[in-house]
Amino acid sequence: MRVINLSSGSDGNVTYLENDGVKILVDAGLSATEITKRLDLIGVKPNEIDAILLTHDHSDHTKGIDVFSSKYNTPVYAHERVWLSFDPKATRMSSANRKTFSGDFTYKGLDIQAIEVPHDVACYGFSIENNNKKISILTDLGHTNDRILSSIANSQLVYLEANYDKQMLLDSKNYPLSLKMRISGPNGHLSNKASCEVVDFLARTGTRQVVLSHISKDNNTPDLAYGYMCQHLSVHGIEEGSDICIDVASTKPGMFFRIK
Ligand SMILES: [Zn+2]
Ligand SMILES: [Zn+2]
């Protein structure tokens, strides 16, 4: 199984996953043209994408989905609650390519667990498993709970949101109070602190690779998120690099992980 970040953050989220020749995207939050360019960088043609898994209907996850699906006849899988939040008239995607699931499902040998997460629209993270290889993608959630944590436990790799630094968000002059409250509320996004608590859990339950993702371009920086994690994990006896490896995904394509 190999996983490549094509883009992560406020400006667009696209993750590529390949297993035994099956090629999928999780979200399509860049234009179809940009996704095609980035696939080209990794030697993948857009018509080779078997399916797109969609987490939720926010533009940083859906921007290119209509055009990409229409142009390359790509099926898009989303939870029935996610499709309910789409306006069917506003999409060019054919109804045949709208694939609905209502719980966990299997796609071409991949066991896909849909993890309902608290966000301000219907939203799902994913655990994707094959042959004891398991990766999880968990972004756009205001908080975690035992159900979510047990869903991602035993993953070899977790893409985990570390959206904002609390102080930067509080100090922001560009964000109105209502937006600050939405982001930091129970249905908003994970702060560095909240994300760190999840990494602590993952390190103690066997995960060896975390990719901090969906970093806010206004209220966080990759260095700040990474530094916060290392410092606070160390206080709890967990060392980055030996107990768990932490990388930070950005809007630039790159970061290649092979799960064996
Ligand atoms: Zn998002
Ligand atoms: Zn969102």
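Visitor: Quick one to start. Is His61 buried or exposed?
Guide: His61 is buried, with a relative accessible area of 0%. Keep in mind that this is a predicted model.

Visitor: Which residues coordinate the zinc ion (ligand 1)?
Guide: Asp60, His61, Asp140 and His214 do. The distances run from 2.1 to 2.2 Å. Asp60 and Asp140 use OD atoms, while His61 and His214 use NE2.

Visitor: How are those donor residues spaced in sequence?
Guide: The pattern is D-H-x78-D-x73-H. Take His61 and Asp140 as a pair that links distant parts of the chain. His61 is in helix α2, residues 59–62. Asp140 is in the loop between β10 and α5, and the two are 79 residues apart.

Visitor: And Asp140, buried or exposed?
Guide: Asp140 is buried, at a relative accessible area of 1%.

Visitor: Why is the site of the zinc ion (ligand 1) called irregular?
Guide: Look at the angles among its 4 donor atoms, which run from 88 to 163°. A tetrahedral site needs all angles between 85 and 135 degrees, so this one does not count as tetrahedral.

Visitor: How far apart are the zinc ion (ligand 1) and the zinc ion (ligand 2)?
Guide: They are 3.5 Å apart. Asp140 coordinates both.

Visitor: What else coordinates the zinc ion (ligand 2)?
Guide: Besides Asp140, there are His56 (NE2), His58 (ND1) and His119 (NE2), and the four sit at 2.2 to 2.4 Å. This site is irregular too, with angles of 92 to 166°. Its sequence spacing reads H-x1-H-x60-H-x20-D.

Visitor: Where are His58 and His119?
Guide: His58 lies in the loop between β4 and α2. His119 lies in the loop between β8 and β9, so the pair ties together parts 61 residues apart in sequence.

Visitor: Are they buried or exposed?
Guide: His58 is partly exposed, at 21% relative accessible area. His119 is buried, at 7%.

Visitor: New topic. How many strands are in the open sheet?
Guide: There are 7, in the order β7-β8-β9-β10-β11-β12-β13, with mixed pairing. β7 and β13 stand at the edges. Each has a single partner strand, so one side of each is left without a neighbour in the sheet. Neighbouring strands are turned by 20° against each other on average, direction ignored.

Visitor: How many bridges join β10 to β11?
Guide: 4 bridges, and the two strands run parallel. One of the partner pairs is Ile135 with Leu157 in β11.

Visitor: Which strands does helix α8 lie across?
Guide: β11, β12 and β13, and α8 runs at about 165° to β11. Helix α9 packs on the sheet as well, touching β12 and β13. The direction of α9 makes about 165° with that of β13.

Visitor: What does Arg81 form a salt bridge with?
Guide: Glu116, at 2.8 Å between the closest N and O atoms. Arg81 is in helix α4 and Glu116 in strand β8, so the pair ties together parts 35 residues apart in sequence.

Visitor: What about Arg182 and Asp120?
Guide: Their side chains meet in a salt bridge, 2.1 Å from N to O. Arg182 is in helix α7, while Asp120 is in the loop between β8 and β9. Arg182 is partly exposed at 36%, and Asp120 is partly exposed at 35%.

Note on methods
Residues are numbered from 1 along each chain as its sequence is written. Chains are lettered from A and ligands numbered from 1 in the order in which they are written. This is a predicted model: local features need pLDDT of at least 70, side-chain atom pairs count only at pLDDT 80 or more; totals for chains, interfaces and linings use all residues. Side-chain values use heavy atoms; hydrogens and water are left out. Donors are N, O and S atoms within 2.8 Å of the metal (3.2 Å for Na, K and Ca); water is not among the atoms, so sites may look incomplete. Four donors count as tetrahedral if all angles lie between 85 and 135 degrees; four count as square planar and six as octahedral if opposite donors are over 155 degrees apart and all others between 65 and 115; anything else is irregular. Buried means under 20% relative accessible area, exposed over 50%, partly exposed in between (1.4 Å probe, protein chains only). Two strands pair if DSSP finds at least two bridges between them. Axes are lines fitted to C-alpha atoms, for helices over the stretch in contact, and angles run from 0 to 180 degrees between N-to-C directions. Contact means heavy atoms within 4.5 Å. A salt bridge is a side-chain nitrogen of Lys or Arg within 4 Å of a carboxyl oxygen of Asp or Glu.
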